[in-house]
Each structure stands twice: as structure tokens, then as C-alpha cells.
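Take a walk through this fold with the model open beside you.

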Amino acid sequence: KSANPQWREQFDFHYFSDRKDMLDIEVWRKDNKKHEELLGTCQVDITALPTKQTNCLELPLEKHPGSLLMLIALAPCTGVSISDLCVCPLGDPSERQQISQRYRIKNSFQDIKDVGFLQVKVLKAVDLLAADFAGKSDPFCVLELGNDSLQTHTVYKNLNPEWNKVFTFPIKDIHDVLEVTVFDEDGDKPPDFLGKVAIPLLSV
């Protein structure tokens, strides 16, 4: 019930410098649980923003009245990576030893925010649901931890995809839950849900 809403929420996205992605933003309104209406869209060219500072942007909504006020900060990505299985970041014994030293009990209060990090190897999926008329799917896998999200590439026309990727996340809250969701890529349409598993960090 507001034409001037204030959300004041922060989201972290992992942006890798070799990509030329635009940040797409959509504003929606809800009448009830069933009906939604698009109030406007806007885009931010990430590559045009200066780094290591907070950028205050007032973005007019395209083809609709109103504007969106955002703070966007670009900072170097620390502790986040996507790699192939053959170059697993924790595969090096010397690196594992450095990590063991970094998180020893006596170092617990060196940096309170540095809780640790999580490494996940996404190998494959088996016997997925067929989402296409041809009896196949185009699956990709999304990993979410808190507000952090990383995803695999899409394996086309396959119900038993192999991704063989290694994902590394910094842990901000030990009570977070790792959510792993498999989707079917569907062109310009929203992806179809193929399944999900949730893993509390405290169970690892």
C-alpha cells in the first residue's frame, strides 16, 4: 500500500571481471497471492561503474513512471571461486595446511567476520525429470548460501548431466543453509524447477 516503498535490503552478487553482464532490475506489484503486475524495469552496466566505492544511482524505470534509488558497491571478490574439478582449490596440500593454520582455535578472534568457507563439488545429477516434449531436459544447478548465489553451466538434452564444478563460498553465518536447486533452462521463459536439496551448515 505504498507508492514510495523503502526496502533497505542488501544482496551480494559475485561478478567476475571477464563477464560483460548487465544488472537487470524489475519492480513488481502484488494485488494478492495470485495476481502480479510489472511496474517497470531498468538496467545497470556494471563495467561502467568505478570500483572500490559505493555508487549512489537513481534509475528511471523504462516505459513506466517512477525511479529506483540504489547503492551499488564493487569490491574485489574474496574467497569466492568457480573452477573445474581438475583444479580444485583445496586439492593442493600446502593450501590445505595454510587453511588449517588460519582457522586454528588460537586464531578464532583474529577476524570475527571470517567464519570460514565452504567448498562444494557439484559432480552430476541422475534420472532428472523430463521437462521438454522430446523427453529431455536442459539442466543447470544453482547453489545459494545466504544471499550468495553461484551456478553451473547448462548441459543440454540430458537427464543425467555431469557438471564437475567446484564452488567456494565465504561463510558469513554458521547457521546458514546451503540450498542446491536444479532447473531446466527454457529459453527466454523462466526456468522450470527440477528439484532441490537443503543442507544446514551445522550438519556438515
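This is a predicted model: local features need pLDDT of at least 70, side-chain atom pairs count only at pLDDT 80 or more; totals for chains, interfaces and linings use all residues.

Strand E7 (residues 139-145) and strand E10 (residues 177-186) are joined by seven bridges. The two strands run antiparallel.

E7 and E10 belong to an open sheet of four strands, in the order E8-E7-E10-E11. Pairing in this sheet is antiparallel. Which strands stand at the edges? They are strand E8 (148-151) and strand E11 (189-200). Each has a single partner strand, so one side of each is left without a neighbour in the sheet. From one strand to the next, the twist averages 25°.

Next, the annotation. The unreviewed UniProt entry carries the annotation "domain: C2", covering residues 1-59 and 93-204. Take the span 93-204. Its end C-alpha atoms lie 21 Å apart. The span is 46% strand and 9% helix.

Turn to the charged side chains. Side chains of opposite charge can pair when their charged atoms come close. With a cut-off of 4 Å between nitrogen and carboxyl oxygen, the model has five salt bridges.

Start with Arg29. Arg29 forms a salt bridge with Glu37, and their closest N and O atoms are 2.7 Å apart. Arg29 has a relative accessibility of 32%, so it counts as partly exposed. Glu37, at 36%, also counts as partly exposed.

Lys30 forms a salt bridge with Glu36. Here the closest N and O atoms are 4.0 Å apart. Lys30 counts as exposed because its relative accessibility is 62%. Glu36 is partly exposed, with a relative accessible area of 41%.

The next pair is Lys157 and Asp132, whose side chains meet in a salt bridge at 4.0 Å, N to O. What does this pair tie together? Lys157 lies in the loop between E8 and strand E9 (162-171). Asp132 lies in the loop between strand E6 (116-124) and E7. The pair therefore ties together parts that are 25 residues apart in sequence.

Are these two partners buried or exposed? Lys157 is exposed, with a relative accessible area of 51%. Asp132 is buried, at 19%. The cut-offs explain the labels: buried means under 20%, and exposed means over 50%.

Note on methods:
Residues are numbered from 1 along each chain as its sequence is written. Side-chain values use heavy atoms; hydrogens and water are left out. UniProt positions are given in the numbering used here, feature names are shortened, and annotations may be inferred rather than shown by experiment. Two strands pair if DSSP finds at least two bridges between them. Axes are lines fitted to C-alpha atoms, for helices over the stretch in contact, and angles run from 0 to 180 degrees between N-to-C directions. Buried means under 20% relative accessible area, exposed over 50%, partly exposed in between (1.4 Å probe, protein chains only).
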